[in-house]
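Q: I would like to learn how to read the place where two chains meet. Could you take me through it step by step?

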Amino acid sequence: MTGRPFPLSRLRAWVQVAMFLVTVYGGVVVGPYAADKLSTALPALSCTYDRQNGGWCVLRPFQHQTSHQIGATVARTGNVTWELLKPLGITLLAFFAWFVVLNKAFCGWVCPLGSAQEWLYALGRRLRLVTRGLPAGWMGRVRAIKWFILLVFVFVLPLAGGLGWLPGAASEAWCRVCPSRLLTTLATGNTEEMALMIGDGWDAALGALGYLLFGFLVTAACVMRQPFCRICPLLAWNALFKRLAPLRLTKNPHPRCGQCRSCHAACPMEIPEVASPKAGEVFQDDCTLCGRCIEFCPQEDVLRLKLGPVTLIHSHPERFRAISRKELANGDRRG
Amino acid sequence: MVVFGLPVLPGWADLPAWTPHPLLRKEVKGRGELRVAPFSPPSGELSFYSPDPETPPFTTTRVGEEATLRVESGKGNYHWIALHRNEPERELSLATVHFFSLVGPSPQAMLAVPKSRLEIVPSPLPREHSVYRAEEAWDFLLRFDGLPLAGQVATLYAPGQMAKGFRSDERGVVHVVFPEFSKPSGEQKTGHSRRPLQPFQLGVEHVMAGRHFTSVFQYEYGPAPLFHRSPWMGWLVTGVGMGGGLLLWRRGRGAKR
């Protein structure tokens, strides 16, 4: 490596700030109609509950179409046809148009809730609070939660709502729970979403679950990295397609892999497999392509962020030394 | 009852009492289909304006009859629907919009083009999943021959509410605060979020060279933002969640410095 190593963390920090501004406040700049257009064009950005934002989350149309398009039509006609799945397919294609560019980097670089959790953790480090990781043996169980949420809250409950088996609140079950809705609306100064819906038992129960989760993550994120990302259904959805996009994390194992575990310590998602000597295990479902493991790997060319055959960035002792002068792998600043 | 000097015709006895203007009745037939019926004396023509500037407006040829509008994917979003009626000394424009939940162009170009001499232009229209709501202020532009109409009073009518006037500023903009929501009535329907909606009309009149112009914008509004919601419950439960997270701040088992 010649010259100064490319400052990936700094670039990511600026991208996160910029994308937070775009996804949460973008509508103020481009106007409400263009925000709607952006919402259509960028289906995996912020939240449709924001009244002035520049995007919405792909989980919203999935619930909407599962409930209103599939569930309600089946309830009315009693027929299940392929035609009913067409809107879901179109949403999937629209989602994939951007996913093929970003892969799961959406989570690590764009998601406003992911960024907010990182900022809260940085605040916790400034305040010299304790840090906590997942207790040993919990990783597998916690990883399963996001799949459960994706299946039940994004598809099963909305379908049951559309079929008329459950009250209407179930038709947008995940949106009622999602803490990102609360964060991004609060960030625009809108406190309306913080008011609990008390329409019926489902309204209140789903809403209460959301507020509990939101409150928990606000304080937990100060001492634990990315507490919500670990159970986020959007991460699960992205993970489903991670092999279909060219951007990915790869590993060329080194004999010392698994010994220093610096990459594992740097990973905001605490993915133990990133330190594994097995190359095939490195790009896990939980990986958000943030690139911190690459920066904190002290060996040359072991970890790489690749776009198809092109290496965008790779680990290097110089890069490791440069970032280690500023911060520890766990996020603590030096000095 | 007299509407624009015309006697009430048979079948008009049930014209709602909350507005002095005629009404447009919309019936959603599907995601891309809408039936519109003028609930007014059978004179005037219905016109449909697409948000796509390339699509010319469609006007019904048989005056006073209902019409069905079908749009295809890629041509959805807001459409402007207007009933125009010209009489020797009077001109009426009764307009409403309908949001087709299909991908389509922004309605900006559609709103910018004058569609009648006197008109009320929402600026902006609510986003998809959003509605006008009681206690909220929304802007509407009053325009005559395409130019802002300053100092004119627009009157808001809604079921169960006193008519209320709003004067336009120098830019021709009226800041309309939607009134309280009436108790459930036959005028209400349920919106996308299962919240009730009820109609409103915003009307303005203007006289130019002895000719009387009336423009009415008709749409729906919902109850106030905190309808069936409890702020303190929301904050309380959030506080409980925060308390749970604070337990992780304790030094002790599993905590690292």
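A: Let us begin with who takes part, keeping in mind that this is a predicted model. The contact draws 49 residues from chain A and 48 residues from chain B.

Q: How much area do chain A and chain B bury between them?

A: The size of an interface is often expressed as the accessible area that is lost when the parts come together. Here chain A and chain B bury about 4,000 Å² between them, and 56% of that area lies on carbon and sulfur atoms.

Q: How many salt bridges are counted between chain A and chain B, and how many residue pairs are in polar contact across their interface?

A: The count of salt bridges between the two chains is three, and one of them joins the side chains of A:Glu192 and B:Arg133, with 2.5 Å from N to O. For polar contacts, the rule finds 11 residue pairs across the interface, with both residues at pLDDT 80 or more.

Q: Which elements of chain A supply at least two residues each to the side that touches chain B?

A: They are helices H1 (8-41), H2 (59-77), H8 (179-187) and H9 (201-220), together with strands S1 (131-132) and S2 (196-197), all of chain A. H9(A) gives the most to this side, with 10 residues. Sorted by class, the side of chain A that touches chain B has 22 nonpolar, 14 polar and 13 charged residues.

Q: In which sense do S2(A) and strand S20 of chain B pair, parallel or antiparallel?

A: S2(A) pairs with S20 (residues 229-230) of chain B in the antiparallel sense, over two bridges, and A:Leu196 stands opposite B:Ser230 in S20(B).

Methods
Residues numbered from 1 in each chain as written. Chains lettered and ligands numbered in written order. Predicted model: local features only at pLDDT ≥ 70, side-chain atom pairs only at ≥ 80, totals over all residues. Heavy atoms only, no water. Contact = heavy atoms within 4.5 Å. Buried area = accessible area lost by both parts, 1.4 Å probe. Salt bridge = Lys/Arg side-chain N within 4 Å of Asp/Glu carboxyl O. Polar contact = N/O pair within 3.5 Å; in protein donor to acceptor, adjacent residues only side chain to side chain. Helix = DSSP H or I, 4+ residues; strand = E, 2+ residues; numbered from the N terminus. Nonpolar A, V, L, I, M, F, W, Y, C, P; charged D, E, K, R; others polar. Pairing = 2+ DSSP bridges.
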